Amino acid sequence: MADQLCDSCGEYLPEGSAKYSIHIQAVADFDGIIYTEDSTSLEEDLTGSVFASVEEMGEEVFQEVAFILCDNCKRKFLQDPFNRGTSFFKVSKNIKYLFH
Ligand SMILES: [Zn+2]
């Protein structure tokens, strides 16, 4: 694999160095309830006035991004992923989507 840069701090990461791939998936947490004013069909509601296209609707339902981080940035990210200034990160008990 070629040399890379940390996506957070820009540190040069030569082959063989410690680096981490951070994958983030944003998945719509659909609760089964859709509010509409004058529903004619679910498809029309989902692709009509709210979204310009099916592609835009898809991005609202699922998005995935990936970053390469150096060891220092990985530790900082996992401690405080939302940059709240807290010294530790508590994992929500409501997490439904685990990947492994
Ligand atoms: Zn970094």
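**Entry 1: Asp7**

I looked up Asp7 and found that, leaving aside neighbours within four places in sequence, Asp7 is in contact with Phe67, Ile68 and Leu69; two residues are in contact if their C-beta atoms, placed from the backbone, lie within 7 Å. This is a predicted model, in which local features need pLDDT of at least 70 and side-chain atom pairs count only at pLDDT 80 or more, whereas totals for chains, interfaces and linings use all residues. Residues are numbered from 1 along each chain as its sequence is written.

I placed Asp7 in the loop between strand E1 (4–5) and E2. Helices (H or I, at least four residues) and strands (E, at least two) are DSSP runs, numbered from the N terminus. Between Asp7 and Phe67, which are 60 residues apart along the chain, I noted a C-alpha separation of 6.0 Å.

Asp7 counts as partly exposed because it has 18 C-beta neighbours inside 10 Å. A residue is buried if 20 or more other C-beta atoms lie within 10 Å of its own, exposed if 12 or fewer, and partly exposed in between.

**Entry 2: the whole chain**

I recorded three helices and four strands, and the order along the sequence is β-β-β-α-α-β-α. Of the 100 residues, 6% count as buried. Among contacts between residues at least 6 apart in sequence, I found that 57% join residues at least 24 apart.

I then checked pLDDT, the predictor's confidence in each residue, from 0 to 100. The protein averages 79, and 66% of the residues score at least 70. Confidence is lowest in helix H1 (residues 42–47), with a mean of 53, and highest in strand E2 (residues 12–13), at 98.

Not counting residues up to four places away in sequence, Cys6 touches Glu11, Leu13, Ile68, Leu69, Cys70 and Cys73.

**Entry 3: Ala66**

I found Ala66 in strand E4 (residues 62–70). Ala66 is exposed, since 10 other C-beta atoms lie within 10 Å. Not counting residues up to four places away in sequence, Ala66 touches Ser21, Ile22 and His23.

**Entry 4: Asn83**

I located Asn83 in the segment after helix H3 (71–79). Asn83 is not a glycine, yet its phi is positive, at about 50 degrees. Most residues other than glycine have a negative phi. With 8 other C-beta atoms within 10 Å, Asn83 is exposed.
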